Amino acid sequence: MRLLSASLLALLAAGAALPAAAQSAGEWTLAIGAHSVDPKSDNGSLADGTLPVSVDSSVRPTIAFEYFLRDNLGLEVLAALPFQHDIDIDGLGTVGSTKHLPPTVSLQYHFNQGGAVSPLLGLGVNYTKFFSEDTEGALAGSELELGDSWGLAAHAGLDFKVGERGAIRVDVRWMDIDSSVRLDGAKIGTVNIDPWVYGAAYVMTF
């Protein structure tokens, strides 16, 4: 996964030197696809550092709308069906699960619009809403609560032109997601999720 993100960013850097053909202001796109939310390997520890936590990956369908404020410059809103993650504690195994929705708003620039391959770079804000927390195993019967999160989000992608108004997009995002954790009402620490998000979508221009 890390190699994929590095390769994609290298392609984007090369694509930035290509001549740009304008995506007209006032146009908008709809992208329908699927993405994997892949939390970083070290998700922090709970209970004063005594309980190392890990959060697993999840794949779900996604949808994104983008409106072009200026030629090549768009404002994108990303949405998805709820992602679901198991929560593990080292030595105790799976102790719970949670669902989340990660709506993200990004301002992004598209290079070489109109070409066969069009890179994009974006930066924005992510809001993550956690809900439907369940407990099992060592925490069965306890009440688990994950707090909502605000953070920065970065986006990089490549659009491969298909026909006059369509494209296949492969992309990667990074999101700053940190959630405070409560167990039976008492705060026991923070989970640092900070995922890479990988995926592909079909993009239609209107």
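Reader: How many cavities of 30 Å³ or more does the count come to?

Author: Happy to start there: in this predicted model, the count comes to four cavities of 30 Å³ or more. The largest cavity holds about 120 Å³ of space.

Reader: Which residues lie nearest the centre of the largest cavity?

Author: With a cavity, look at the lining first. Here 16 residues line the largest cavity, and V53, I87, L144, L146 and V191 lie nearest its centre. Two or more lining residues come from each of β3 (51-55), β6 (83-89), β7 (93-101), β10 (144-146) and β14 (186-192). Strand β6 gives the largest share, three residues.

Reader: How do the residues of that lining divide into nonpolar, polar and charged?

Author: The lining of the largest cavity has 14 nonpolar residues, two polar and no charged. In the second largest cavity, by comparison, six lining residues are nonpolar, three polar and four charged. That second cavity holds about 70 Å³, and among its 13 lining residues A31, H35, A64, D171 and A201 lie nearest the centre. Its largest share, four residues, comes from β1.

Reader: And what volume does the largest pocket have?

Author: About 340 Å³. Of its 22 lining residues, Q23, Q113, G114, E164 and T205 lie nearest the centre. The lining comprises six nonpolar, 10 polar and six charged residues.

Reader: Where is confidence lowest, and where highest?

Author: The mean pLDDT is 90, with 89% of residues at 70 or more. Confidence is lowest in helix α1 (residues 2-15), with a mean of 43, and highest in strand β4 (residues 58-70), at 98. Over residues 1-22 pLDDT stays under 50.

Technical notes
Residues numbered from 1 in each chain as written. Predicted model: local features only at pLDDT ≥ 70, side-chain atom pairs only at ≥ 80, totals over all residues. Heavy atoms only, no water. pLDDT = per-residue confidence, 0-100. Contact = heavy atoms within 4.5 Å. 1 Å grid on protein atoms, 1.4 Å probe; cavity = no way out; pocket = protein on both sides within 12 Å on 5 of 7 lines; lining within 4 Å. Points joined across faces, edges and corners; volume = space filled by probe spheres on them. Nonpolar A, V, L, I, M, F, W, Y, C, P; charged D, E, K, R; others polar.
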